[in-house]
Amino acid sequence: MALRRALFALTAGAVLAAPAQADDAGRPALATALNGKIARCWSVPADLPDHVQTVRVTFSLTEAGELIGSPAIDGPVGGDAATKGFAASAVRAVVRCAPFAGLAELAPYDAWKTVVVTFRRPDL
């Protein structure tokens, strides 16, 4: 059975990240719940250069909402310190927020077993 992925975009605001819009329109409550929690855990690095745009973080969850292993960057990350710092901040946000309780009430486990979150720089 193919795994379904929930995709979210986090956009940082002045204090907390703004609500995400789910790419999977059938799961808006799931997207809102995950985004809200992760957004509160994300500390966006200051003074990001213009070339730092987005990073995608992939992670898997148990049925209890606990992380399985470590979150991973989905795709290549540029070699400069700013891009690596931005990517590391996204991974830390996911780790800080775990476990993700209550997801089973929002959608079947297969819908959130593997999650991909897109973190966008604040001014995009």
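Which hand does the link of cysteine 41 and cysteine 97 have about the S-S bond? The link is right-handed, with 125° about that bond.

Good morning. The structure above is a predicted model, in which local features need pLDDT of at least 70 and side-chain atom pairs count only at pLDDT 80 or more, while totals for chains, interfaces and linings use all residues. Residues are numbered from 1 along each chain as its sequence is written, and side-chain values use heavy atoms, with hydrogens and water left out.

Let me begin with confidence. The term pLDDT is the predictor's confidence in each residue, from 0 to 100. The chain averages 79 on this scale, and 77% of the residues score at least 70. Confidence is highest in strand S4, at a mean of 96, and lowest in strand S2 (residues 17–18), at a mean of 29. Over residues 1–26 the pLDDT is below 50, although this stretch has 63 contacts in the model beyond near neighbours in sequence. A contact here means heavy atoms within 4.5 Å. Where pLDDT is low, the predicted coordinates should not be read in detail.

Next, the overall layout. Helices (H or I, at least four residues) and strands (E, at least two) are DSSP runs, numbered from the N terminus. The chain has three helices and five strands, and from the N terminus on the elements run β-β-α-β-β-α-α-β. A residue is called buried under 20% relative accessible area, exposed over 50%, and partly exposed in between, using a 1.4 Å probe and protein chains only. Of the 124 residues, 38% count as buried. Among contacts with a separation of 6 or more, 76% come from residues 24 or more positions apart.

The sulfur atoms of cysteine 41 and cysteine 97 are 1.9 Å apart. Cysteine 41 lies in helix H1 (residues 28–41) and cysteine 97 in helix H2 (residues 81–97), so the pair ties together parts that are 56 residues apart in sequence. Cysteine 41 counts as buried because its relative accessibility is 18%; cysteine 97 is also buried, at 1%.

Arginine 40, in helix H1, is exposed, with a relative accessible area of 56%. Its C-alpha atom is separated by 9.6 Å from that of arginine 96. The side chain of arginine 40 makes a polar contact with the backbone oxygen of glycine 36 at 3.0 Å. A polar contact is a pair of N or O atoms within 3.5 Å; within protein, one must be able to donate a hydrogen and the other to accept it, and residues adjacent in sequence count only if both atoms are side-chain atoms.

Let us consider helix H2. How far apart are its end C-alpha atoms? They are 24 Å apart, which agrees with the 24 Å that its 17 residues should span at 1.5 Å a residue. The expected span is 1.5 Å times one less than the number of residues. Buried residues of H2 include Phe86, Ala90, Val94 and Cys97. An α-helix has 3.6 residues a turn, so residues three or four places apart point the same way. The buried residues of H2 pack against H1, strand S3 (54–61), strand S4 (67–73) and S5. At the start of H2, a side-chain oxygen of aspartate 80 reaches to within 3.3 Å of the backbone nitrogen of alanine 82.

The strands come next. Two strands pair if DSSP finds at least two bridges between them. S3 and S5 run antiparallel and are joined by seven bridges, with valine 57 opposite valine 117 in S5. Six of the seven residues of S5 are buried. In the segment after strand S5 (114–120) lies arginine 121, which is buried at a relative accessible area of 5%. Its side chain reaches the backbone oxygen of valine 52 at 2.8 Å, and a polar atom of that side chain lies 3.3 Å from the backbone oxygen of leucine 48.

Finally, two loops deserve attention. Aspartate 47, in the loop between H1 and S3, has a phi near 55°, a positive value in a residue other than glycine. Aspartate 47 is exposed, at 76% relative accessibility. Proline 99 is in the loop between H2 and helix H3 (109–112), and the peptide bond from alanine 98 to proline 99 is cis, with omega near 0°. Thank you for your attention.

Methods: Disulfide = S-S within 2.5 Å.
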